[in-house]
Amino acid sequence: MSTAPDPEPRDPKPTLVFDDPLSRPSSDDTDRGWGERPEGDSAADLKRFLDEKPPHHI
């Protein structure tokens with residue numbers, strides 16, 4: 001009588017979700033990140049503006 005080795009554990013297959021994707025809120029549906037100002041001073045804001053300004057706005 002031979003004993004078969006235990007089968008190796010398999011990764012579970014990803015499941016397909018067939019629900020309505022529009023029924024869940026997206027990250028754009030929240031007010032988080034809209035109009036919030038980071039902490040800092042106006043000199044740092046000006047430096048960032050000048051560093052990130054496209055060349056055609058010189």
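Reply: Arg24 forms a salt bridge with Asp19, and their closest N and O atoms are 2.9 Å apart. This value, like every other one here, is computed from a predicted model. A salt bridge requires a side-chain nitrogen of Lys or Arg within 4 Å of a carboxyl oxygen of Asp or Glu, so a pair at 2.9 Å qualifies. The general idea is that side chains of opposite charge can pair when their charged atoms come close. The side chains of Asp19 and Arg24 are also joined by a polar contact of 2.9 Å.

The surroundings of this pair come next. Asp19 is found in the segment before helix 1. Its relative accessible area is 41%, and Arg24 has a relative accessibility of 47%. Buried means under 20% and exposed means over 50%, so Asp19, at 41%, counts as partly exposed. For the same cut-offs, Arg24, at 47%, is partly exposed as well.

By the rule used here, the count of salt bridges comes to 3. Besides the pair of Arg24 and Asp19, there is one between Lys47 and Asp51, with the closest N and O atoms 2.7 Å apart. Lys47 and Asp51 both lie in helix 1, 4 residues apart, which is about one turn of the helix. Lys47 is exposed because its relative accessible area, 52%, is over 50%. Asp51 is exposed too, with a relative accessible area of 54%.

Another salt bridge links Arg48 with Glu52, where the closest N and O atoms are 3.2 Å apart. Arg48 and Glu52 are 4 residues apart in helix 1, so about one helical turn separates them. Both Arg48 and Glu52 are exposed.

Phe49 is exposed, with a relative accessible area of 52%. Together with Leu46 and Leu50, Phe49 forms a nonpolar patch on the surface, and the three have about 310 Å² of accessible area together.

These parts can now be placed in the whole chain. The secondary structure comes to 1 helix and 0 strands. Of the 58 residues, 0% count as buried. The accessible surface of the chain is about 6,700 Å², and 56% of this belongs to carbon and sulfur atoms.

Key. Residues are numbered from 1 along each chain as its sequence is written. This is a predicted model: local features need pLDDT of at least 70, side-chain atom pairs count only at pLDDT 80 or more; totals for chains, interfaces and linings use all residues. Side-chain values use heavy atoms; hydrogens and water are left out. Helices (H or I, at least four residues) and strands (E, at least two) are DSSP runs, numbered from the N terminus. Buried means under 20% relative accessible area, exposed over 50%, partly exposed in between (1.4 Å probe, protein chains only). Accessible areas come from the Shrake-Rupley method with a 1.4 Å probe; for residues, only the protein chains shown count as cover. Patches are made of residues with over 30% relative accessible area and no salt bridge: like charges are joined within 9 Å, nonpolar side chains (Val, Leu, Ile, Met, Phe, Trp, Tyr) within 5 Å. A polar contact is a pair of N or O atoms within 3.5 Å; within protein, one must be able to donate a hydrogen and the other to accept it, and residues adjacent in sequence count only if both atoms are side-chain atoms.
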